[in-house]
Amino acid sequence: MSKAIFRRIAAGTAACAVLAAGVAIPFGAFAQQNEQGGMLFQFRFAERLQFRDSDSPDPEENGQTTQLTTDLGLSFSSETRTEALSADFDAGYRLIDGPTTDGVTGEFMSPRLNLSYSQAAATASFDVSATASRAELSEISPLEASTNEEDALPPDFAELTDAGTRDQIGFDARLSLRDDAPFGIILGAGVNDISFTNLPAGSGLRDRTNGRLYAVGRFDVSKVMQVRSRLQYDIADKDGEELVERFGLSSRATLLRPDGNYRVSGSVSGGDGGEQAGLSFGRLIERPKMSVDVDFGLSQSATDGFYVTGNAEYSYAFGQQSVLGTVTASAERFLRFANGADEDLVTSLSVGSNYALSPLATIAITAQVAQAETLLTGERVDLAQARISVGYDLSRDWRASAGLRTEWRDPSNDVSSESTSLSLSFSRSFDLRR
């Protein structure tokens, strides 16, 4: 199957989702009158001034960039007792002056469209979503994206660069059956197509398409014991190369207890690239102010090495008089096939805190570090990010915010890069309910 054919599949499925959502809108509006549902229209406006200083391997990209961006957003949501429909669109126009511009230039940037529709009945539910977006790579942070969700495309840590754009089209569908029975099944499918433009010379980024099919079995063994098993098929195509296929089977048993849940999980996968296997044990503890969720286990890589893997999440809400507010921390270590082929061992750690300085002002601080190591070659990419932001409600409708963010990337096979940005923004949203 060629890249062009695979791209047409992705574009076609996304177009079908757009058409389905368009057809569903009048039905959703009609349902509002009969089921006493509600509709919400929201218009968003934001003005953002940003100063960014970059130090990258490409000398032409180094220096300070100043940009003034006007962001506009429009969203619609309609919900009844059995249906929910939403559409969200964002786009911006910016004036930018930087190392690669000849004076101040204006351009449209970062359009994004999300559509979703869901329907629920007594014994089944159906969800479908589609997304299309274009983003500047310099505005994307892999550390802020999910890296381990089973239904998400893991980001490529190489995408933290100072030039180029990324176009993405995605489509997901999910059908859940026998929701009221001790045994249920979930069927799902998804396609995600990513392409790059205006990349600097020598960039290692390549266009890619990922697709998946999966089936999940839900078993309520008793009132306190649940078992879920997942069978998944993945296919990946990177820049027109030979397709990479993989199969995976995973299962998790959960014991529900008054003091928190206990879990045991196992997984095996195989196909192009080799076989992987893993076994882990988990524990969830929830208290009025604290929650702890831990999974700890052992994984075998396709190179036959064994690695300690797992994840841990912790959150604690201090008292109203504490300057710490809510503190969160998370850590994870897992094996993945980046771009469907290269096996990586990913380790990450993040901490954060937010606090209401007053009824009108808030502050948030986050710090993250991560490392992705390609097991076959030993090449590594180290990343770090820190951010502090302050928000203030000027009125009931207007909000001002300021933020400082610094990012650092150090690949073992290339020169390190870093960037620091300072931003100031004003925003407002207009809501209309029916």
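Tutor: Let's begin with the inside as a whole. Of the 434 residues in the protein chain, 37% are buried, where buried means under 20% relative accessible area, exposed means over 50%, and partly exposed is in between (1.4 Å probe, protein chains only). Please keep in mind that this is a predicted model, in which local features need pLDDT of at least 70 and side-chain atom pairs count only at pLDDT 80 or more, while totals for chains, interfaces and linings use all residues. Residues are numbered from 1 along each chain as its sequence is written, and side-chain values use heavy atoms, with hydrogens and water left out.

The chain has one helix and 20 strands; these are DSSP runs, numbered from the N terminus, with helices being H or I of at least four residues and strands E of at least two. Its accessible surface comes to about 23400 Å², and carbon and sulfur atoms hold 59% of that, by the Shrake-Rupley method with a 1.4 Å probe, where only the protein chains shown count as cover for residues.

Now for the close look. The largest nonpolar core has eight residues: M39, F76, L85, Y117, V128, A130, F171 and A173. Such a core is a set of buried Ala, Val, Leu, Ile, Met, Phe, Trp, Tyr and Cys residues joined through side-chain atoms within 4.5 Å. Strand 5 (124-136) and strand 6 (165-177) are the elements that give two or more residues to this core. Setting aside its neighbours within four places in sequence, F76 is in contact (heavy atoms within 4.5 Å) with M39, L40, F41, L85, S86 and A87. Across the whole chain, residues 24 or more positions apart account for 52% of the contacts with a separation of 6 or more.

Charged residues can be found inside too. R94 and E136 are both buried, and they form a salt bridge whose closest N and O atoms are 3.8 Å apart; the term means a side-chain nitrogen of Lys or Arg within 4 Å of a carboxyl oxygen of Asp or Glu. This pair links distant parts of the chain, since R94 is in strand 3 (residues 83-97) and E136 in strand 5, 42 residues apart. There are 18 salt bridges in the structure, and R44, D88, D90 and R112 are linked in a network of them.

Other salt bridges involve partly exposed residues. D393 and R399 form one, with 2.7 Å between the closest N and O atoms; D393 counts as partly exposed because its relative accessibility is 25%, and R399 because its value is 28%. D397 pairs with R428, with their closest N and O atoms 3.2 Å apart. D397 lies in the loop between strand 18 (380-393) and strand 19 (398-411), while R428 is in strand 20 (residues 417-433), so the pair ties together parts that are 31 residues apart in sequence.

Next, see how neighbouring strands line up. Strand 8 (residues 208-220) and strand 9 (residues 225-238) run antiparallel and are joined by 13 bridges; strands pair if DSSP finds at least two bridges between them. A hairpin of four residues connects strand 8 to strand 9, and G211 stands opposite I235 in strand 9. On to strand 10 (residues 244-255): 12 bridges join strand 9 to it, again antiparallel, and R228 has R252 as its bridge partner there. A236 also lies in strand 9; this residue counts as buried because its relative accessible area is 6%. Its C-alpha atom is separated by 5.7 Å from that of T209, 27 residues away along the chain.

Two backbone details are worth a glance. S110, in strand 4 (residues 105-120), has a positive phi of about 50° although it is not a glycine. R178, in the loop between strand 6 and strand 7 (183-197), is also not a glycine, and its phi is positive, near 60°.

Finally, a word on confidence. The mean pLDDT, the predictor's confidence in each residue from 0 to 100, is 83 for the chain, and 82% of the residues reach 70 or more. Residues 1-6 fall below 50, and this stretch has 14 contacts in the model beyond near neighbours in sequence. Residues 145-155 are also below 50, with 26 such contacts.
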